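Trainee: I have a protein model open and I'd like to learn how to read it. Can we go through it together?

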Amino acid sequence: MTKQFTADVLICGAGAAGLTLAIELARRGVSFRLIEKNDGPFHGSRGKGIQPRTQEIFEDLGILDRIVAAGGHYPPERKYLGDGSFIETEIAEHIAPTPAEPYHMALMLPQFLTEDVMRERLRELGQHVEFGRELTGFEQDQDGVTARLAGRDGEETIRVRYLVGADGGRSFVRHALAIGFPGKTLGVRAIVADVVLTGLDRGAWHRFHDGAMDRQMALCPLAGTELFQLQAPVPLEGQVDLSAEGLSAMIAERTGRSDIRVHAVHWASAYQMNARLADRYRDGRAFLIGDAAHIHPPTGGQGLNTSVQDAYNLGWKLAAVIGGAVAALLDSYESERRPVAAAMLGLATKLLDAAKRGDIRRGREVQQLDIGYPGSPLALEQPERVSGLLAGDRAPDAPLRGAAGQPMRLFELLKGPHWTLLGYQARRDAVPARTGLRIHCIGPDGELVDEGQHFRGAYAVSPGDWVLIRPDGYIGAFVGSQQTEALMRFLHEQGVV
């Protein structure tokens, strides 16, 4: 007799990736356990940048306004010259939002505060993190995974349908599955520390000796806190004094200033920079997300963002398959996300080389707005569509007006765990209603009006066209009025019935 399932999903690791997946499953009514082997939350600033695409995801998860209120934007970069003077420049070009892209600037929020907000959202959904509980072993079969857990109150064995390793670069899940993690050590060792200090103002990201790798020092005020984040390369071998006195001495030696003093160290770490990518993201009923699947240098602020998007991609697919969609849907997780991580590793490594030369300016390449899934098995395309947006691309936002007169944004209609079908000057009765699908018609006779033609311009649609948008905000299909039967078959395969 098959042992009864304790939960649908076991998530190992409660960092940003694990928390995103938990929120996704919770709002879809999927049962899960979220365990974290540490006794409490992570206390460091490590992943402090939240890119525009992740801001869109956080809007969907219902936490963006809290994230913005808790943090702030990046300050200008202040490069100090040998004579004590400095040059101040913006790290990223200030670009105004557009109707299609409402967020263009990276936000700064220390990772521990981001995760605080995410845990609060998870509690609102009736779930929580189980701290001090560790995965010690597991076996899987064609029906599920049997996992052994250990914690302060003893050991237990549970049965789940799926296991997700969100347990970091040294992932127990990845090692247990014998999944290779090839890549390279980049020959750079660095320290990062969250400190209380005096002697610097909080209006700039202070950088010293950008041209000399062994003497570089960066001190960035952390938005939403009284802390500065200290970053500095250190020798590849040997001990590093991470005490307040040791860091004060390093600052004095590298800056030539005695007025900058560290008074307290809230968190500190010395680490080797690596770029590694898991050989595969799935083994049977076990999956890898976040740092368990990819690690990279911190340049460009890509890590936390890529991890959040891994979970955002996997979450709705797990929920759909558990709810009855074809199991092959889960194959698309690796085929969509692994190429994104491979490209991200190349970008982060390139930006590290630029940072060694003192260049930390960032452009659109780090915003992750251009990430898409061309050629995905979850893309149904009009045969004649050869230009403009294609299935697999990110769905742009657009201002609309309801027939009752109130303004709204397209992203407001997409918000939530459902698929969205948009008909442009199309007959509403051409597509029957079904569970998990929200249908909206845009046009003079529809419930939405495209007054500024922003929707038509962004999506390049013609009268009678339908646009299907996936639960994760990517375009699933463009079809014409004569292809609705193919659209219905596609939806059925994804479990939208």
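This is a predicted model: local features need pLDDT of at least 70, side-chain atom pairs count only at pLDDT 80 or more; totals for chains, interfaces and linings use all residues.

Trainee: What does the radius of gyration say about the protein?

Mentor: That radius is taken over C-alpha atoms, and the globule rule is 2.2 Å times the number of residues to the power 0.38. For 497 residues a compact globule would come out near 23 Å, and the protein has 24 Å, which agrees. Its C-alpha atoms fill a box of roughly 75 × 60 × 35 Å along the principal axes. As for contacts (heavy atoms within 4.5 Å), take those with a separation of 6 or more: 70% of them are between residues 24 or more positions apart.

Trainee: What share of the residues is buried?

Mentor: Buried means under 20% relative accessible area, exposed over 50%, and partly exposed in between (1.4 Å probe, protein chains only). In this protein, buried residues make up 56% of the 497. Helix α1 (residues 16-26) is largely enclosed by the rest of the structure, because 11 of its 11 residues are buried. Among the elements covering those residues are β1 (7-12), β2 (32-36), α4 (111-124) and α7. Glu24 is one of the buried residues of α1.

Trainee: Is Arg78 buried or exposed?

Mentor: Arg78 counts as buried, because its relative accessibility is 12%. You'll find Arg78 in strand β5 (residues 77-80). A polar contact is a pair of N or O atoms within 3.5 Å; within protein, one must be able to donate a hydrogen and the other to accept it, and residues adjacent in sequence count only if both atoms are side-chain atoms. The side chains of Arg78 and Asp201 make one, at 2.8 Å. Setting aside neighbours within four places in sequence, Arg78 also has contacts that include Phe86, Glu88, Trp205 and His206.

Trainee: How many cavities are there?

Mentor: On a 1 Å grid over the protein atoms alone, a cavity is a set of points where a 1.4 Å probe fits but cannot get out, and a pocket is an open set with protein on both sides within 12 Å along at least five of seven lines; lining residues have an atom within 4 Å of a point. Grid points are joined across faces, edges and corners, and a volume is the space filled by probe spheres set on the points. The count is 2 cavities of 30 Å³ or more.

Trainee: What lines the second largest cavity?

Mentor: That cavity holds about 40 Å³, and its lining includes Ile57, Tyr312, Arg337 and Asp472. Helix α7 (residues 303-322) gives the most, with 3 residues.

Technical notes: Residues are numbered from 1 along each chain as its sequence is written. Side-chain values use heavy atoms; hydrogens and water are left out. Helices (H or I, at least four residues) and strands (E, at least two) are DSSP runs, numbered from the N terminus.
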